[in-house]
Amino acid sequence: MSGPSASAAQRTIAVVGDAWTLRILRSVFRGQRRYGDFLQSFGVSRAVLTDRLTKLVSHGVLLRDVSGGGHPEYRLTERGLDLWSLFIAMWLWQIDWGTAQDPDTWAPDVPRLQLTHTGCGQTMRPALRCQHCLGLVTPFETQAEPRPVVASPESAVPSTAASKFRRVRQAAPAGADPARPSQRLVRMVGDRWNNAVVAAAFRGTRLFSQFQEDLRIGPAQLSDRLSELQQLGILQARSYGGIRQEYRLTKAGIALYPLTLEMVRWGNRWLWHEGHPLTIRHQPCDHILDARWHCGACDQVLLRETVRFS
Ligand SMILES: [Zn+2]
Ligand SMILES: [Zn+2]
């Protein structure tokens with residue numbers, strides 16, 4: 001990896017996840033279903049492909065369908081299909097900060113594609129809007145809620161019973177930690193620490209000691225992640241008070257905000273049982289943020305069924 005010229009794809013992968021997982025998901029979104037198809041369409045080893053497919057199935061993102069009698073087919077579950085808007089966020093980031101020539105990009109041709117809204121028939125660039133005030137969502141006008149909000153069937157349970165229930169649940173999955181939803185998606189898809197550091201930076205974390213406290217990460221591991229994110233052009237270190245350094249998001253880093261939001265949204269929706277959902281407030285209207293992609297041409301809310309890459 002080489003300073004500011006480190007490829008945008010490396011940035012995306014470093015932050016969003018594992019390259020092979022993303023390639024597999026991209027192929028499945030395009031209609032490929034079989035082990036052999038994946039093997040042919042990108043140069044992946046059998047060991048890696050088997051490993052990633054197994055993980056995606058065990059995380060409930062893909063379904064291994066053997067009902068046809070022939071080769072098993074891998075299909076997106078509802079949980080997997082709901083990743084479509086994260087892919088929109090990744091695609092936009094690639095357009096603005098990626099390079100189409102980059103051979104190592106997670107989706108080399110994706111930035112060259114056009115996105116069409118079938119509702120109005122126009123090619124467009126989607127915009128992320130708050131569903132309450134319809135204002136554009138920016139990282140500077142949102143605030144993560146520090147207190148946990150229970151948005152699950154538990155909320156119907158009396159509070160003492162609910163908290164007991166929660167303790168039991170948190171203890172249950174072996175090896176699980178009380179990570180935030182946005183971290184959990186990336187553990188599934190790839191490198192969760194880079195993502196966690198970026199998410200913390202969006203919450204206003206600046207200093208080494210704050211990152212350590214916020215993320216409960218060891219100093220060596222944090223140090224690695226901070227230098228990697230600087231090499232990738234996502235974070236910038238500045239000297240602060242002579243001795244201490246503070247780490248701030250660069251423009252490319254700030255542009256990752258919709259990805260972070262999408263990861264939070266997806267995690268809140270599908271992984272709420274693994275911990276508390278993270279709530280984000282939209283400050284201009286003072287409502288809990290429900291951010292959706294709108295068509296850049298006709299302004300309607302986009303649905304998975306009404307967007308088409310062409
Ligand atoms: Zn709003
Ligand atoms: Zn439209």
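The structure is a predicted model, and its protein chain contains 13 helices and twelve strands. Of the 310 residues in the chain, 33% are buried.

**Contacts along the chain**
- When contacts between residues at least 6 apart in sequence are considered, 66% of them join residues that are at least 24 apart.

**Confidence**
- The mean pLDDT of the protein chain is 75, and 72% of its residues reach 70 or more.
- Confidence is highest in strand E5, which covers residues 127-130 and has a mean of 97, and lowest in helix H7, which covers residues 159-171 and has a mean of 32.
- The pLDDT is below 50 over residues 1-16, a stretch that has 50 contacts in the model beyond near neighbours in sequence.
- It is likewise below 50 over residues 147-189, where the model shows 59 contacts beyond near neighbours in sequence.

**Helix H11**
- Helix H11 runs over residues 219-231, and its 13 residues reach 18 Å from the first C-alpha to the last, which is close to the 18 Å expected at 1.5 Å a residue.
- Within H11, the residues Arg225, Glu228 and Leu229 are buried.
- Seen down the axis of H11, these buried residues fall within an arc of 95°, so they line one face of the helix.
- An α-helix has 3.6 residues a turn, so residues three or four places apart point the same way.
- Pro219 and Ala220, on the other side of H11, are exposed.
- After H11 comes glycine 233, whose phi is positive, near 75°.

Key. Residues numbered from 1 in each chain as written. Chains lettered and ligands numbered in written order. Predicted model: local features only at pLDDT ≥ 70, side-chain atom pairs only at ≥ 80, totals over all residues. Helix = DSSP H or I, 4+ residues; strand = E, 2+ residues; numbered from the N terminus. Buried ≥ 20, exposed ≤ 12 C-beta atoms within 10 Å, placed from the backbone. Contact = placed C-beta atoms within 7 Å. pLDDT = per-residue confidence, 0-100. Expected span 1.5 Å × (residues − 1). Arc of directions from axis to C-beta.
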